[in-house]
Amino acid sequence: MIVDWHAHFYPPELARERRWGGASPLTIENLLEAHEREGIDLCVVSNTNHYLRDKTAEESLAFLRRWNDYGAEIQHKHRDRIVVFTSTLPCGGAPFLKELERAIVQCGLKGVLINSSHQSAYPDDDEAQPFFEMVTSLGIPVMMHAPSVGFGEERMREYRLASSVGRPFDECLAISRMIVRGVFEKFPKLKFVGCHLGGGICEVIGRMDYAYELGDKASGLGTYEPMLITKRPSDYLRTLHMDTVAYHPPAIMCAYQTVGAKQLLFGSDAPPLLPLLPRAKSIIEELPIPENERQDILGRNALRLLER
């Protein structure tokens with residue numbers, strides 16, 4: 001069974017506004033047609049929250065309620081083809097937690113997407129702790145996706161660098177901060193998935209390890225206080241999951257060698273990137289790994305993570 005962990009669509013009124021080259025790729029109809037054509041059995045669908053960038057808390061909550069209601073409707077209609085994740089702002093406070101609980105308990109959605117940052121707030125901030133307490137209690141996966149643009153955006157406005165480079169940067173920073181700020185220490189049972197191979201964190205995890213291991217011998221690099229972890233950063237990283245949306249086989253092999261096949265989930269980011277779906281699948285099919293591990297990545301790991 002092939003499970004695509006990473007695809008998006010919007011409610012119809014928002015999909016009509018988000019036009020790509022004259023078309024609206026972010027629709028359930030486009031998803032179902034493309035996935036049927038490529039032999040994808042099940043898809044995890046999420047809403048990236050990109051349009052919440054400049055919204056107030058009240059406006060954001062209204063958008064999220066609309067997504068949850070629409071997602072529940074579409075999930076019920078196509079329950080043999082998709083599972084839907086809610087979205088939230090982890091630092092948003094009690095109203096967002098209440099809506100998250102409604103989305104999972106009443107609407108029947110299967111997990112939650114958060115952004116790696118939102119209006120300068122990051123998931124390691126103290127305000128997010130009640131969020132992690134709730135998702136751990138509910139036993140649902142947390143999928144972390146980049147915002148529309150993260151830090152350094154003033155140098156990324158040309159050549160689509162905000163998407164191709166800036167978003168992974170933000171994801172890598174957010175996961176790094178969650179590690180050293182003790183989020184995974186406090187919540188060892190958290191079902192966490194970093195999109196886009198965790199923004200490339202597997203490439204820099206060795207640097208994070210020596211920053212931790214050298215202690216005072218690396219004081220010239222800055223402080224490491226307060227100490228909130230008891231293991232090397234790479235030990236926490238190996239407990240996390242990542243999707244394979246990178247479109248670069250050597251990067252996927254780096255993640256494979258760093259965290260292992262059991263922690264990787266096939267993903268395509270289609271929609272919106274519908275033309276790339278065949279490539280996303282063929283990259284996994286052609287990796288030089290044992291067939292049993294390939295099947296784990298293509299579907300079994302995702303099914304295990306969705307169990308409650």
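Student: How many bridges join β7 to strand β8?

Tutor: This is a predicted model, where local features need pLDDT of at least 70, side-chain atom pairs count only at pLDDT 80 or more, and totals for chains, interfaces and linings use all residues. Residues are numbered from 1 along each chain as its sequence is written, and side-chain values use heavy atoms, with hydrogens and water left out. Strands here are DSSP runs of E, at least two residues, and helices are runs of H or I, at least four residues, both numbered from the N terminus; two strands pair if DSSP finds at least two bridges between them. β7 and β8 (residues 241–243) run parallel, and the number of bridges joining them is 2.

Student: What is the bridge partner of methionine 143 in β7?

Tutor: β6 and β7 run parallel and are joined by 4 bridges. Methionine 143 has as its partner in β7 valine 193.

Student: Which strands stand at the edges of the sheet?

Tutor: The open sheet has 6 strands in the order β4-β5-β6-β7-β8-β9, with parallel pairing. Two of them have a single partner strand each, so one side of each lacks a neighbour in the sheet: β4 (86–87) and β9 (264–265).

Student: Is tyrosine 210 buried or exposed, or in between?

Tutor: Tyrosine 210 is found in helix α9 (residues 201–213). Buried means under 20% relative accessible area and exposed over 50%, with partly exposed in between (1.4 Å probe, protein chains only). At 33% relative accessibility, tyrosine 210 counts as partly exposed.
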